[in-house]
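Reader: I have a model open and some questions about it. Can we go through it together?
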Amino acid sequence: MPLQDHMHLISTDDHLIEHPALWSDRLPSKFLEAGPKIVEKELPKAIHVGDGDRALDAATKIAQVWEYEGRIYPYIGLNAVAGKKPEEYGVEPTRYDEMLPGCYDPKARVQDMDIDGVQATLSFPSFPRFAGTVFLEGQDKDLALLCVQAWNDYILDEWCPTAPDRLVPLTILPLWSVEEAVKEVHRTAAKGSRAISFVENPVPLGLPSFHTDHWDPLFSAVEETGQPLCVHFGTSGQAPITAPEAPMAVMIALFGCNSMYATADLLFSPVFHKHPRLKFMLSEGGIGWVPYMLERMDQTWQKHRYYQNINQSVRPSELFAKHIYGCFIDDQFGVDNRAAVGIDNITWEGDYPHSDSNWPNSRKVVQEQMRLVPDEDVHKIVELNARGLFNFPRA
């Protein structure tokens, strides 16, 4: 049956653009000069590539850019092209007036959700990158910690309270310090955080891997607070680039492979064996690849577990069913093969305001994708799985 009117559409992966005063409103005065702020600068026009990557052309314009500790982080729009035709994609918005107000204004966001037929949404950062890894680059880690806390307080005190039954609170962590990250998990959980953005692979960022005990205190804190770790593709800082000459289309088509790597890495690691209540969400990774990967990992486990330091008693597919959730925007193959993915492990995402978004037609597109799916399965995919994962009941 088609998507029924009583079923709420919940997006488990959207994005927000930080407003110019987010940090200046919250940082102590002694940190205002070095802290993130918007300045005007002449820049080349840019084409969006990925989480932090751009391709430039020869033309220039006066742009609004972020400055942090004297470093310039350009292209505030980060692919914020919702409402434009595909023929208009390619050039990044570089000023706030070049993007929809719903990108940075929570009241306008709710209005755009109404237009799109979306009931609730979870939004990742933009300037800090999707998991806050910009602050890993901070020279002053006291300032960096305050910047992480300021972003979280903005989400918990301003963005989400605008519509607490519509906007799901997601927070970020000071990834350079497990001790401070544990404190921030508990601090933000007490204020209402429902999910935490984390990295798909810490190693490219110079951090210890999932195969060490480094993250155990953090994972225990996340378990205690009942929140999922949301790992958006690209948060490792590595894009699937095949050659310098390859068109951007190659990378866009392959970005879901990052989620495949994260899945295999986690399922063959000790993480879920030591943290049986921990949940991971693979943001924007799609779901159509999941059946193949589960089959391949189970075959690998069956034949090759005896001579390796991996768990000998639990198949990777069993761990996936208990611990990992997939997300999709347009993935008809994944929807058609939902039983092989795991119907309880699938969520829908809108990706507003990025170019993969179907805004303002998301509900219409989902209804078409679900037209041959039983009502019970549809309801789980579009609403119930997300509400359970985020502990976000209907008002």
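Author: Let's start with helix α9. Its buried residues pack against α6 (256-267), α7 (271-274), β10, α8 (290-304), β11 and α11 (338-341). Packing here rests on contact, meaning heavy atoms within 4.5 Å. Buried means under 20% relative accessible area, exposed over 50%, and partly exposed in between (1.4 Å probe, protein chains only). Helices (H or I, at least four residues) and strands (E, at least two) are DSSP runs, numbered from the N terminus.

Reader: What should I know about the model and the numbering?

Author: This is a predicted model: local features need pLDDT of at least 70, side-chain atom pairs count only at pLDDT 80 or more, and totals for chains, interfaces and linings use all residues. Residues are numbered from 1 along each chain as its sequence is written, and side-chain values use heavy atoms, with hydrogens and water left out.

Reader: Back to α9. Which residues of it are buried?

Author: In α9 (residues 316-323), they are Pro316, Leu319, Phe320 and His323. They cover an arc of only 105° around the axis, so they sit on the same side of α9. That arc is taken from the directions from the helix axis to the C-beta atoms.

Reader: New topic, sheets. What is the strand order in the six-strand one?

Author: The order is β7-β8-β9-β10-β11-β12. The sheet is open and the pairing is parallel. β7 (170-171) and β12 (346-348) stand at the edges, each with a single partner strand, so one side of each has no neighbour in the sheet. Two strands pair if DSSP finds at least two bridges between them.

Reader: How many bridges join β7 to β8?

Author: Two, and the strands run parallel. Strand β8 covers residues 195-198. Thr171 has Ile196 in β8 as its bridge partner.

Reader: Which strands does α4 touch there?

Author: α4 packs on the sheet and touches β8, β9 and β10 (280-283). Its direction makes about 155° with that of β8. Axes are lines fitted to C-alpha atoms, for helices over the stretch in contact, and angles run from 0 to 180 degrees between N-to-C directions.

Reader: And α13, which strands of that sheet does it touch?

Author: α13 touches β8, β9, β10, β11 (324-328) and β12. Its direction makes about 105° with that of β12.

Reader: What about the three-strand sheet, in what order do its strands run?

Author: β1-β5-β6, open, with parallel pairing. β1 (10-15) and β6 (167-168) are the edge strands, and each pairs on one side only. α13 packs on this sheet as well, touching β1, β5 and β6. The direction of α13 makes about 70° with that of β1.

Reader: What stands opposite Thr121?

Author: Leu167 in β6. Strand β5 (residues 120-124) and β6 pair in the parallel sense over two bridges.

Reader: Salt bridges next. How many in total?

Author: 21. The rule is a side-chain nitrogen of Lys or Arg within 4 Å of a carboxyl oxygen of Asp or Glu. Asp153, Asp157, Glu184, Arg187 and Lys191 are linked in a network of them.

Reader: Which partner does Glu383 have?

Author: Arg394, with the closest N and O atoms 2.7 Å apart. Glu383 lies in helix α13 (residues 375-390) and Arg394 in the segment after α13, so the pair ties together parts 11 residues apart in sequence. Glu383 is buried at 1% relative accessible area. Arg394 is partly exposed at 40%.

Reader: Where does Gln227 sit?

Author: Gln227 is in the loop between α4 (216-225) and β9 (229-232).

Reader: Buried or exposed?

Author: Gln227 is buried, with a relative accessible area of 4%. Its side chain makes a polar contact with that of Ser193 at 2.6 Å. Another, of 3.1 Å, joins the side chains of Gln227 and Thr225. A polar contact is a pair of N or O atoms within 3.5 Å; within protein, one must be able to donate a hydrogen and the other to accept it, and residues adjacent in sequence count only if both atoms are side-chain atoms.

Reader: Last one, Val335. Which helix is it in?

Author: Val335 is in α10 (residues 332-336). Val335 is buried, at 1% relative accessible area. Leaving aside neighbours within four places in sequence, Val335 is in contact with Ile287, Phe328, Gln369, Met370 and Val373. The C-alpha atoms of Val335 and Gln369 are separated by 7.5 Å, although these residues are 34 residues apart along the chain.
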